Amino acid sequence: MSKGQTIGSTAILPGAAAEAPPEVAATPGKRIALLRVLGPGHVWALGVGIVLVGEYMGWNFAVGKGGPVAALTACWLAGILYTCVAMIDSEITSTVAAAGGQYAQAKHIIGPLAAFNVGLYLVMAYTMLEVSNAIVTGDLIEAFLANHGIPGSVDKRAFMVLTIVALAFLNYRGVLASLTLNLLITAAAFVAIVVLFLATQPWAPGAVLQHQSLFVELPYGSLGILAAMHFGLWFYLGIEGTTQAAEEVRSPARALPLGTMTGMMTLLIAATATWYVCSGLMPWEYLGQAVTPLYDAGRLTGNPYLEVFLFFGTLFATVASANGCINDASRAWFAMGRDRYMPAWFGAVHPTYRTPYRSIVFFVPIAILFAISTPLDQTITFSILSGLLGYTLMALSIILFRRKWPLGTIARGYVHPMHPLPCALLLILCIVTYVAVFLGYGTQLVAMMTFYITASAWFVLHRYKYVRRGDQFTMHWPRPKGY
Amino acid sequence: MVEIMNWGAWGIAAALALWMGADLLRVNRTYGEDYLLSSEEGEIIDAETGETAARS
């Protein structure tokens, strides 16, 4: 469906709906769909764009929890966890090419209750991440103006609200412009990390980087590695968001695996380079509580151009992340509305821009409310925990997927190797991270589990009667093995 | 200068929010609900490529 697509009895060409007069567009029998305009680059930008802000800030709290070695270990262990996520995601999504990503996967493979929960995890994870990014944007602008001696008091709330509303507006107007912007600013933010890495002359130890004098091993022992796992996720949290573009890419079976895998490679490189530069420029006691470690690293090189470049890198990464989160939260909510898991009203597509416009607008006031009222660490923790719950169900998903539809029974765009090793690794690393989160944020973990259990009870006892039970399963697959 | 930036940010945010709200209402009134809600989950057309590569 690259040039046009046939939906029902009507051929809809990209842009055709924009030109159709309302009375024609609303004729009974005519149908509408999200616009298939994205390529692998946009998928890469969506995934890396959401995550790269984690390299600019947040990951370094892992250093505070266990020292630099623990942070590097957590970085690579989390890298393994997310590589497993990306592999599993790529296989399932190249087959279940639907908006909603993991929600649609869980619906087809596990069942409605799991799908409802995964949908909620996605919406919560991305909305809280969007809120965190909006808060950070306000903080960044305030810090930059203060650092440059510009007099006056910045109203951070104005910039938080502007970030949320302006990016929602961009998403409302169309996915192509929105993710093309993400492609540009994410690439710029990644280049900023590479430039910083090269500027610190890693080929000449001691010239700029002072690992020998700054390095300590494990100040809190091996327990520090476990504690660091919580923030180790921050290096990659959100890469699974690539799957939300499934209904808007021109070739899902090719673009989704390609965009997700290259995104994961980009993040592994960026994460390791970030750790190497920062741990060679700052004592771990400072690095472990810095707000903007990469920007600080840029300042410590003494190069004013690099400092400005890293400021814009940080700002771009933050904006790209918020932009991707708005895209993903709205697609997940839209998919749930379309299946009646949430009110059907949210399943509408804009006739001109072909975006889930009601879902996009719905989250604007919610995000603003959280941004001006909730502390940053709570929104971040809420996001991490929701993501972690989703990854756990993903491991279950792939086991059931391979068991119900073995290789060869349905067409797959990508088949991940070494099954069930990635699934087993994912489960083990999720359990380790739950322990780490429980040690640091036990109350929030219990509170969140209570919230999701209550929501599940509401779904089973009240909401499920509205779900169109047969119509929600749209994949033309054979009957599952054993059923 | 910072004061102008603050008010500018509020002003732009308000204008964009109003535009989105107005457009949402206009679309809801102009088009039928059946048409707006007629989207269905997508299907893929090029899956055999990866399957063939994995089995070879």
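Let's start inside chain A, where helix H9(A) passes helix H15(A) in a left-handed crossing (left-handed if the near helix is turned anticlockwise from the far one by less than a right angle, right-handed if clockwise). Helices here are DSSP runs (H or I) of at least four residues, numbered from the N terminus. The axes of H9(A), residues 175-199, and H15(A) come within 8 Å and cross at roughly 145°; axes are lines fitted to C-alpha atoms over the stretch in contact, with angles from 0 to 180 degrees between N-to-C directions.

This is a predicted model, in which local features need pLDDT of at least 70 and side-chain atom pairs count only at pLDDT 80 or more, while totals for chains, interfaces and linings use all residues. Residues are numbered from 1 along each chain as its sequence is written, and chains are lettered from A and ligands numbered from 1 in the order in which they are written.

The pLDDT is the predictor's confidence in each residue, from 0 to 100. Its mean for chain A is 88, and 94% of the residues of chain A reach 70 or more. Over residues 1-25 of chain A, however, the pLDDT is below 50.

Now to the two chains together: 53 residues of chain A are in contact with 35 residues of chain B, a contact being two C-beta atoms, placed from the backbone, within 7 Å. H8(A) (156-173) provides the largest share of the chain A side, 9 residues.

In chain B, an unreviewed UniProt entry places a "transmembrane region" at residues 6-25. That span is 100% helix and 0% strand, with its end C-alpha atoms 29 Å apart.

Which helix is largely enclosed by the rest of the structure? Helix H6 of chain A, residues 102-109, is, because 8 of its 8 residues are buried (20 or more other C-beta atoms, placed from the backbone, within 10 Å of a residue's own; exposed means 12 or fewer, partly exposed in between). Its cover includes helices H5, H7, H15 and H17 of chain A. After H6(A) comes A:Gly111, with a positive phi near 150°.

By contrast, A:Tyr466 is exposed, with 12 other C-beta atoms within 10 Å. A:Tyr466 sits in the segment after helix H18 (421-461) of chain A, and its C-alpha atom is 9.1 Å from that of A:Asp339, 127 residues away along the chain.

Terms used: UniProt positions renumbered as here; feature names shortened; annotations may be inferred. Helix = DSSP H or I, 4+ residues; strand = E, 2+ residues; numbered from the N terminus.
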